[in-house]
Amino acid sequence: MKNFQNKAKILKVSTVLRAMLFAGLVLWAIGIPAVLFQCIIFWTRPATTAPSTALCLQGSLVLSLVFRFMVTLHLFRFFDRLKKGCLFDAKTVGNLDAAGKWWIILWPFEVLHQEIGRAINDQPGAWAWNCGDLFAGLTLIFVAWLLKEAQELQEEQELTV
């Protein structure tokens, strides 16, 4: 009875988180073209020579938005599979692992975006790297690895019984 209650709780929570991630996907789908449109307008203005740092800033912003979209998409797929009752099978855990890897890829672009923005605004000081994205990505990969190992242990136990 307890396993059924736990599964029901997982399904309920994953439904709520899936809805929140779907809203995030919609916002990213609107935000990415808006930023691209803004970049195109900025670069097509006549008689304006934009510095290369502004190009790098806009490029890192677009790439970080795309990577954030990919992280959100994989997390959405993870919770969608949980909602459907596919609890911790290989494909579900693979989505969690992929989200973590995309989040790690996002981290250097976020640092680059911060530093270029700081350089454009002439803010002196030491680098203040935000390692939150790196830690979150590593945490997701660790949890996915842990779930994979738990699956293998469960399969071994089922074979020995």
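This is a guided tour of the structure above, stop by stop.

**Before you start**

The model is predicted: local features need pLDDT of at least 70 and side-chain atom pairs count only at pLDDT 80 or more, while totals for chains, interfaces and linings use all residues. Residues are numbered from 1 along each chain as its sequence is written, and side-chain values use heavy atoms, with hydrogens and water left out.

**Stop 1: the whole chain**

Show the chain as a cartoon. It has four helices and zero strands. Along the sequence the pattern reads α-α-α-α. Helices here are DSSP runs of H or I with at least four residues, strands are runs of E with at least two, and numbering starts at the N terminus. Colour helix H1 (2–43), helix H2 (52–83) and helix H3 (90–120).

Of the 161 residues, 31% count as buried. Buried means under 20% relative accessible area, exposed means over 50%, and partly exposed lies in between (1.4 Å probe, protein chains only).

**Stop 2: the core**

Select Leu21, Leu75, Phe78, Phe79, Leu96, Trp103 and Leu140. These have the most contacts inside the largest nonpolar core, which has 20 residues. H1, H2, H3 and H4 are the elements that give two or more residues to this core. Which helix gives the most to this core? H2 does, with nine residues. A nonpolar core is a set of buried Ala, Val, Leu, Ile, Met, Phe, Trp, Tyr and Cys residues joined through side-chain atoms within 4.5 Å. In soluble globular proteins, nonpolar side chains tend to be buried together.

**Stop 3: arginine 68 and its two partners**

Show side chains. A salt bridge here is a side-chain nitrogen of Lys or Arg within 4 Å of a carboxyl oxygen of Asp or Glu. By this rule the count comes to seven.

Arginine 68 meets glutamate 110 in a salt bridge, 3.5 Å from N to O. This pair links distant parts of the chain: arginine 68 is in helix H2, glutamate 110 is in helix H3, and they are 42 residues apart.

The side chain of arginine 68 also meets that of aspartate 133 in a salt bridge, at 3.6 Å, N to O. Arginine 68 lies in helix H2 and aspartate 133 in helix H4, so this pair ties together parts that are 65 residues apart in sequence.

Now check the cover. Is glutamate 110 buried or exposed? Glutamate 110 counts as buried, at 18% relative accessibility. Aspartate 133 is buried too, at 10%. Arginine 68 is partly exposed, with a relative accessible area of 24%.

**Stop 4: H3 to H4**

Move to aspartate 97 and lysine 148. Their side chains meet in a salt bridge, 3.9 Å from N to O. Aspartate 97 is in helix H3 and lysine 148 is in helix H4, 51 residues apart. Aspartate 97 counts as buried, at 12% relative accessibility. Lysine 148 counts as partly exposed, at 33%.

Next, select Arg18, Asp80 and Lys84. Salt bridges that share partners join these residues into one network.

**Stop 5**

Switch to a surface view. Select Phe142, Val143, Trp145 and Leu146. They form a nonpolar patch on the surface, with about 390 Å² of accessible area together. Patch residues have over 30% relative accessible area and no salt bridge; like charges are joined within 9 Å, nonpolar side chains (Val, Leu, Ile, Met, Phe, Trp, Tyr) within 5 Å. Accessible areas come from the Shrake-Rupley method with a 1.4 Å probe.

Now select Glu149, Glu152, Glu155, Glu156 and Glu158. They form a negative surface patch. Asp and Glu count as negative, and the charge is placed at CG of Asp or CD of Glu. Glutamate 158 is in helix H4. It counts as exposed, at 54% relative accessibility.

**Stop 6: two C-alpha distances**

Select leucine 82 and lysine 12. They are 70 residues apart along the chain, and their C-alpha atoms are separated by 9.5 Å. Leucine 82 is in helix H2 and is buried, at 4% relative accessible area.

Finish with proline 33 and valine 62. They are 29 residues apart in sequence and 9.3 Å apart in space, C-alpha to C-alpha. Proline 33 sits in helix H1 and counts as partly exposed, at 46% relative accessibility.
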